Amino acid sequence: MSILVIAEHDNAGLKASTLNTVAAAQKIGGEVHILVAGSGCAVVAAAAAKVVGVAKVKLADAAQYADQTAENVAALVVANAAGYTHILAAATGAGKNMLPRVAALLDVAQISEITAVESPDTFVRPTYAGNAMATVKSSDSVKVITVRTTGFDAVASEGGNAATEPVAPAADLGLSKVTGREIAKSARPELAAAKVIVSGGRGMGSGEKYHQLLEPLADKLNAALGASRAAVDAGFVPNDYQVGQTGKIVAPQLYFAIGISGAIQHLAGMKDSKVIVAINKDPDAPIFQVADYGLVADLFQAVPELVTELG
Amino acid sequence: MRTADLKILVPVKRVVDYNVKVRVKADGTGVDLANVKMSMNPFDEIAIEEAVRLREAGVATEVIAVSCGVTACQETLRTAMAIGADRAILVESDVDLQPLAVAKLIKAVAEKEQPQIVIFGKQAIDDDANQTGQMFAALMGWPQAAFASKVVVADGAATVTREIDGGAETLAFKLPCVITTDLRLNEPRYATLPNIMKAKKKQLDTLKPADLGVDVAPRLTTLKVTEPPKRGAGVKVADVKELVAKLKNEAKVI
């Protein structure tokens with residue numbers, strides 16, 4: 001068996017999600033290769049070569065991969081698929097966008113967001129917002145898989161010494177063009193990789209209150225900021241703050257749910273967190289059923305108090 | 001291409017209503033769907049709404065809803081027509097239709113109908129696969145804009161803003177294309193009673209996968225379905241002081 005992991009990166013650095021994907025590949029077993037598709041991304045290939053457990057890095061460095069459009073990257077993966085029994089990518093926005101194209105072009109199923117490996121052809125994945133865990137067996141010759149990063153502990157990013165070999169770029173399909181990209185600049189840790197997350201819900205009342213109350217708390221804890229879908233729908237914060245079934249799936253050491261009632265679809269995104277703290281004035285809010293520590297209180301008083309208490 | 005004949009195809013899925021808390025069956029074969037409320041997948045409602053808005057804006061001329069599945073999917077298609085789809089197609093099958101099979105069925109329908117835009121929901125809230133739109137785009141060799149939050153169509157081209165990790169990006173491409181909807185794209189209208197009545201009279205054609213020459217055999221077999229590990233409720237703390245003390249001394253996370 002040999003496994004191709006598609007690197008997630010921004011041409012400047014390898015994203016941590018790749019380390020979780022490699023961990024899943026190691027659970028499957030066999031030789032693990034990483035494909036880096038980008039432009040001016042030699043530094044990424046160098047980082048990938050150091051990842052523990054990686055046998056080979058394949059580097060496609062060409063202008064048409066600068067923006068990593070799904071169409072061009074999928075075509076490249078398909079062109080390099082021969083000989084691999086498994087093709088894996090992280091179940092992040094980037095992986096979910098691109099990998100189904102690979103599966104369709106190879107005429108195989110995709111197994112989405114696996115959280116465990118039972119055997120080389122059998123995997124566990126959440127369905128119904130994580131309320132039903134399905135064990136599925138694939139009958140396809142190649143298994144195309146996205147990996148839920150919270151299901152697999154990252155492998156070490158340093159210690160490996162894989163050879164890097166260049167691969168020929170596939171033709172530029174020229175199907176779409178990225179005309180703009182706005183990445184929110186933040187000094188805070190990334191939501192998907194943060195050890196502590198402070199999330200606010202509709203109970204915050206407004207975007208202004210959300211920032212005014214939660215930022216000092218996040219600052220104290222070096223936390224990422226998140227939100228419930230209700231808070232996103234109400235326009236308090238942008239969509240990329242959303243934690244939940246259809247947003248980001250997170251599993252930090254410590255998760256604060258503040259003014260969040262605990263809808264099924266929100267719980268789906270955070271219930272694997274190690275420690276959950278809920279602050280809500282409604283003692284019957286469902287969030288308290290999953291919280292390790294619940295505080296029934298007016299968040300507008302409790303949160304500033306918490307910031308003070310943390311010193 | 002004249003905008004005068006711009007068709008939009010919108011695949012819709014019948015799923016367990018998003019308010020239902022599903023229960024895993026005791027025998028581990030799946031979730032209990034008996035007497036459970038079924039509705040249109042919420043992301044597909046957003047897709048229908050976007051298509052109808054494009055027609056109302058004079059950009060598109062016809063909106064066709066298509067669903068693949070059991071006979072009862074007719075209800076979902078009626079809902080799509082009550083929101084504003086002009087007509088509907090049911091590809092009827094009792095087989096467990098997986099995303100690749102659905103992508104192939106939609107491809108066969110698209111080859112007949114020749115739409116310029118196909119708008120999918122980004123994921124269905126039952127299998128949470130998030131695949132079908134991208135698979136269809138690949139099978140057609142079309143560009144895709146997955147997880148769209150803003151769509152502008154003019155002069156045979158589209159500009160779509162889409163949600164990406166950590167922000168947003170804008171894609172530009174020529175039609176035909178695939179768009180998959182994210183939450184922020186729009187807020188679907190409620191179907192009014194007169195529109196629900198009108199939808200009953202709209203055209204609904206039924207096809208079978210065999211009519212379309214598509215093999216829909218499942219590629220994945222579900223061996224078992226289990227409940228996720230239960231997370232027990234913890235304790236209520238009296239005040240902020242106690243909370244901080246517990247986090248420091250008991251959980252040791254700060």
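This is a predicted model: local features need pLDDT of at least 70, side-chain atom pairs count only at pLDDT 80 or more; totals for chains, interfaces and linings use all residues.
## A walk around chains A and B

Start by selecting B:K252, which is exposed because it has 10 other C-beta atoms within 10 Å. Residues are numbered from 1 along each chain as its sequence is written, and chains are lettered from A and ligands numbered from 1 in the order in which they are written.

Stay on B:K252 and check its backbone: phi is near 55 degrees, a positive value in a residue other than glycine. You'll find B:K252 in the segment after α6 (240-249) of chain B. Helices (H or I, at least four residues) and strands (E, at least two) are DSSP runs, numbered from the N terminus.

Now hop to A:A129. Its phi is also a positive value near 55 degrees, in a residue other than glycine. A:A129 sits in the loop between β7 (122-127) and β8 (132-138) of chain A, and it counts as buried because it has 24 C-beta neighbours inside 10 Å.

Next, the sheet. Colour the ten strands of this open sheet in the order β11(A)-β9(B)-β8(B)-β7(B)-β10(B)-β6(B)-β1(B)-β4(B)-β5(B)-β11(B); the pairing is mixed. (Two strands pair if DSSP finds at least two bridges between them.) At the edges stand β11 (177-183) of chain A and β11 (204-207) of chain B, each with a single partner strand, so one side of each has no neighbour in the sheet. From one strand to the next, the twist averages 25 degrees.

Zoom in on β7 (residues 144-154) of chain B, which pairs with β10(B) in the parallel sense over three bridges. Here B:A148 stands opposite B:T181 in β10(B).

The peptide bond from B:L175 to B:P176 is cis, with omega near 0 degrees.

Last stop: B:T222, in strand β12 (residues 220-226) of chain B. B:T222 is partly exposed, with 18 other C-beta atoms within 10 Å. Show B:T29 too: the two C-alpha atoms are separated by 7.9 Å, though the residues are 193 apart along the chain.

Terms used:
A residue is buried if 20 or more other C-beta atoms lie within 10 Å of its own, exposed if 12 or fewer, and partly exposed in between; C-beta atoms are placed from the backbone. Axes are lines fitted to C-alpha atoms, for helices over the stretch in contact, and angles run from 0 to 180 degrees between N-to-C directions.
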